[in-house]
Amino acid sequence: MKLYFAPRTRSVRVRWLLIELDVPHTLEIVPFDPNGMYGQATPLGKLPVLEDEGLVICESGAIMEYILERHGGGKLAPPIGHRERGTFLQWMHYAESTLYSPLGILIWHTLYRRNADRFPEVMADARARTRAGLKFLESQLGERSYLLDYGFSAADIMTAFTLLAARALGVLDSGFPRLNDYLTRLEARPAFTAAQI
Ligand SMILES: N[C@@H](CCC(=O)N[C@@H](CS)C(=O)NCC(=O)O)C(=O)O
């Protein structure tokens, strides 16, 4: 199995999962690109990309679900039919769709295009929508250590990457004490550290 990987990108999600599951893999390191155009160095023009026995796929969430099904050995996800399976899928997708969408606008104009000052209304709206997404996540997390009563799962890995980006952009601030504690808990996992290279 080969993972196209670059530090501080969504490929960290996949590598973290592979390490948690102890799945053997190799990395094809994609060089840092200050303009965020990592895709040119992968077979599908996006990052991450996974190659496994002739299969080539992109989309971090899809890659994670594929790895869990094929190589997960029943770990890090409630099985199909489990009471919390729907909630697991909800958070797997929430991290990259609802929560990342407005955050991605902030990131793109702040870090890559560096023209956020030209679009103050768009930036304010993206910030407000990201905060609303974080508020929902914080309320649903409640007093739990992880998103599911099941315990630590791949949904936490999906979510952690988005929260790291939200914290770096200053949207995940001290107004979200539970999410900050949750992220600190996730960052303390040895596999998280190992996944950074
Ligand atoms: N929804 C996709 C997003 C993939 C994505 O945009 N990845 C970035 C790196 S984190 C990328 O490849 N950017 C370069 C490009 O779009 O050419 C996923 O979860 O994998």
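Strand 3 (residues 49-52) and strand 4 (residues 55-58) run antiparallel and are joined by 4 bridges. The model described here is predicted. Across this pair, valine 49 of strand 3 is placed opposite cysteine 58 of strand 4. The hairpin formed by strand 3 and strand 4 has 2 residues between the strands, and glutamate 53 adopts a positive phi near 50°.

Helix packing was examined next. Two packed helices are described by the angle between their axes and by the distance between those axes. For helix 6 (residues 154-168) and helix 7 (residues 177-187), the axes come within 10 Å and cross at roughly 115°. The crossing of helix 6 and helix 7 is left-handed. Helix 6 contributes Asp156, Ala160, Leu163 and Arg167 to the contact, while helix 7 contributes Leu179, Leu183 and Leu186. By class, the residues of this contact comprise 5 nonpolar and 2 charged, with no polar ones. Residues three or four places apart in an α-helix point the same way, because the helix has 3.6 residues a turn.

In helix 3 (residues 85-94), the residues Phe88, Trp91, Met92 and Tyr94 are buried.

How values were computed
Residues are numbered from 1 along each chain as its sequence is written. This is a predicted model: local features need pLDDT of at least 70, side-chain atom pairs count only at pLDDT 80 or more; totals for chains, interfaces and linings use all residues. Axes are lines fitted to C-alpha atoms, for helices over the stretch in contact, and angles run from 0 to 180 degrees between N-to-C directions. A crossing is left-handed if the near helix is turned anticlockwise from the far one by less than a right angle, and right-handed if clockwise. Two residues are in contact if their C-beta atoms, placed from the backbone, lie within 7 Å. Ala, Val, Leu, Ile, Met, Phe, Trp, Tyr, Cys and Pro count as nonpolar, Asp, Glu, Lys and Arg as charged, and the others, Gly among them, as polar. A residue is buried if 20 or more other C-beta atoms lie within 10 Å of its own, exposed if 12 or fewer, and partly exposed in between; C-beta atoms are placed from the backbone. Two strands pair if DSSP finds at least two bridges between them.
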